Each structure stands twice: as structure tokens, then as C-alpha cells.
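I opened a new page for this structure and noted what I looked up, entry by entry.

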Amino acid sequence: MRRYKRTLAAVAFATTVAAGTTGWASENAQRPVTGPPPGSAAWTADTSLDRALPDPAAATPSEVAAFFGSLSEDERQRLVRRHPLVVGNLDGVPVRLRYRANTLALRGTPYERLAGRQILAFDPRGRGQVAEVHGDLERARQVSVVVPGSDIDAATFDRASDPYGTPAGMAKALRAAAGAGTAVVAWTGYTTPVGVGVDAATGKLAEAGATRLARFTAGLAATGAPKPVLFCHSYGSVVCGLAADEVNARDIVVLASPGMRAGHVRELRTDARVWAAKDDSDWISKVPGVRFLGLGHGDDPTDPSFGARRIPAELAEGHTGYFVPGTDSLRAFASIADGTAVMDEARLMDGTAVADGAAAAIDESPEGVAR
């Protein structure tokens with residue numbers, strides 16, 4: 001009977017979305033950004049080093065890392081100056097070279113305010129994509145990646161009006177809570193849905209995002225980073241669900257999830273531990289946890305039948321309140337991010353596990369600045 005009621009709810013949901021998207025929502029349909037970085041044609045034609053440069057469309061991150069490892073510092077810097085968009089977006093390139101390349105690429109763009117920050121990727125195509133590092137990625141003992149949901153792009157990934165509801169704000173809060181040994185990447189590296197419509201209800205954008213996320217994490221591994229923990233918010237959890245068997249993550253944490261395109265954690269085909277959080281006030285609870293006629297994203301990951309480990313979120317409020325300092329969800333996230341949850345799962349599940357120093361790590365001011 002329960003499954004029958006959920007199917008009826010899915011039919012109603014599909015009908016509502018289909019009817020509602022014949023007008024405004026269909027006009028907002030997004031075309032995913034795919035393929036190699038902009039500027040790749042000039043890169044592959046460059047013979048200034050008297051040898052072929054790795055093909056951005058075909059070379060693996062490991063091959064890219066090996067190529068840059070064979071260059072002198074002068075040769076590396078020459079490529080940064082000649083091809084900043086390629087170097088800044090090519091997974092496998094050394095981290096500091098990508099920072100410098102993206103600083104150059106950002107100048108003169110609408111996103112110039114990001115220049116000089118630790119920008120690990122910047123792609124101006126479409127609505128713009130960006131990845132920013134909080135912490136020391138080259139020396140971090142633990143690495144986390146925040147994967148955002150709808151309405152996030154290069155212009156909105158760090159809105160001051162919503163300090164803990166954007167990937168940059170989430171990453172900043174998580175890094176402060178987890179401690180100095182952790183680096184956190186705010187990864188807005190795929191084309192997200194805009195608003196509530198067919199894009200948000202289907203997997204088209206998530207499929208493209210999953211491919212980009214898998215390559216991004218392979219790039220982290222190629223530069224020596226440890227296995228990452230993925231924190232996947234809202235539609236970002238659909239991306240993580242589709243990428244789960246390729247990202248080689250240590251843990252996958254989904255929050256405010258509409259589903260992972262799976263009915264059970266076994267269907268994700270991953271060795272990573274899968275965690276799920278959802279607060280009672282989150283509007284996502286009203287989205288049917290099913291798939292029907294290509295709409296919807298599957299079972300609710302916080303349902304015990306799904307098989308994920310449940311994270312407490314009683315103190316979180318709304319759809320974007322999970323990383324707010326002082327919440328039980330952020331304390332649990334920090335324990336997963338810094339690795340202490342491995343040996344302390346019982347306390348984590350009741351919301352009392354806290355990473356060393358986490359309680360003192362965040363200033364309770366609206367900006368959440370680390371002390």
C-alpha cells in the first residue's frame with residue numbers, strides 16, 4: 001500500500017511538472033557545459049615546447065600530471081601565460097599552477113573579484129563555473145568537496161546574503177569546523193538547474209555533472225590528494241549518486257536530497273560509506289521519493305530502507321541550514337570530514353561526536369570566520 005501511494009504521488013508530481021513546464025520552465029532549460037576547457041584548440045596547436053602538449057579531450061589526469069612533472073619551472077610558467085584557461089581547468093595540473101592560471105584568466109571578466117583567491121577551476125562558458133579551495137590542498141591530510149544543487153553558478157556560489165547556503169559558505173564553515181588539517185573545495189563544476197522544472201526533476205544535467213565530478217576527483221588523486229569526502233547538497237546528491245561508482249571517494253554525504261537515482265546504497269556500486277541528512281523543516285521532504293516517466297530521483301536516502309547512515313539534523317533549519325555553526329549536522333559533517341567518525345560512529349549518530357577543536361573553530365558571527 002505504501003508503494004502504491006508513493007506511485008500515485010509520483011504520477012501527480014510528474015503531471016504537475018509536465019504541465020507547469022510547458023511555459024516558463026521549458027524556456028529556462030539549461031544546456032550542460034561539456035568537453036575540454038575553452039582554448040583547447042590553441043593549446044593543442046602550440047609547438048613552443050618542441051613537443052606535443054597533452055590533448056585536453058583525451059589525456060587522463062594522471063597523464064597530465066606526468067607531463068607537467070617533466071617540465072621545468074620556466075616551461076610551466078610559459079604555458080600558464082599562454083593558455084591560462086586550459087592550465088587552470090585541466091585536471092592533473094599542479095595545484096599552485098592552476099591558482100595562478102585562473103587568476104590570469106579571471107582578469108577582465110565579470111568574475112574578476114575572484115582573482116587572487118585559491119581558484120582551482122574557472123570556466124566562463126554558460127553561466128560560469130568555478131571551484132575554490134579553502135585550506136592547504138597540497139598538504140591536507142583530509143580533503144572534502146562540496147557539490148551544490150540548483151541555481152548555483154560562478155555568480156552565485158558565494159552570495160553574501162546566504163553565507164551558509166552557497167558552496168563557498170558551506171566549504172568555509174566545514175573547513176573551520178573540521179580543522180586546519182582539512183582542505184575543502186567548493187566545486188561549482190557543472191551546469192546546475194535553474195528554478196523548479198524539468199531540469200531539476202530529471203537527470204540530464206546530473207549525468208553531465210557526474211562525468212565532470214569523476215574527472216575532477218581523478219585530478220585530485222593525480223596530484224597526490226587523499227580520497228575525498230563528497231558533501232552533496234540537494235540536486236548535487238543526484239550528481240553524486242550517478243558518479244558514485246567512479247569518484248573513488250572515502251565517504252559520500254548527501255543532504256537535503258531529492259534522491260540519488262537509486263533505491264538502495266548497493267545500487268550506487270561504491271565502497272564509500274554513504275551518509276544522509278535531512279531536517280524536518282526542509283521543503284525537499286515534500287518531493288516524492290520515487291522515479292516515474294523519467295521524473296524524480298528515486299528513494300529518499302534518509303529512509304532506513306535505503307541503507308545510508310543517518311546524520312542528525314534536528315538543529316538545522318530549512319533547505320540550506322545544514323552548515324550553520326552550532327548545528328548538530330555541521331558537527332557531524334566535521335567528524336566525517338576529518339576522519340574521526342570512522343572510530344566514533346555511535347556518538348556521531350546521536351549528534352554528540354565532534355572533531356577535535358571543532359567547537360572552538362567557528363566564530364558565531366554571521367560571517368562564520370574561523371578564530
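Entry 1, the chain. I am working with a predicted model. I counted the secondary structure of the protein chain and got twelve helices and eight strands. I then looked up burial: of the 371 residues in the protein chain, 56% are buried. For contacts with a separation of 6 or more, I found that 63% join residues 24 or more positions apart.

I picked helix α9, residues 204-222, and helix α10, residues 236-243. Their axes lie 8 Å apart, and the helices pack at an angle of about 60°. That angle makes α9 oblique to α10. I also checked the handedness, and the crossing of α9 with α10 is right-handed.

Which residues of α9 and α10 meet? On the α9 side I listed A206, E207, G209, A210 and L213. On the α10 side I listed V238, V239, C240, L242 and A243.

I looked up E132 and found it in strand β2, which covers residues 129-134. Is E132 buried or exposed? Its relative accessible area is 6%, under the 20% cut-off, so E132 counts as buried.

I next asked what the side chain of E132 makes a polar contact with. The partner is the side chain of R117, at 2.9 Å. Leaving aside neighbours within four places in sequence, I noted that E132 is in contact with R117, Q118, I119, F157, A168, V184, V185 and A186.

Technical notes:
Residues numbered from 1 in each chain as written. Predicted model: local features only at pLDDT ≥ 70, side-chain atom pairs only at ≥ 80, totals over all residues. Heavy atoms only, no water. Axes fitted to C-alpha atoms, helices over the stretch in contact; angles between N-to-C directions. Helix = DSSP H or I, 4+ residues; strand = E, 2+ residues; numbered from the N terminus. Parallel < 35°, antiparallel > 145°, perpendicular 65-115°, else oblique. Left-handed = near helix turned anticlockwise from the far one by under 90°. Contact = heavy atoms within 4.5 Å. Buried < 20%, exposed > 50% of the residue type's maximum accessible area, 1.4 Å probe, protein only. Polar contact = N/O pair within 3.5 Å; in protein donor to acceptor, adjacent residues only side chain to side chain.
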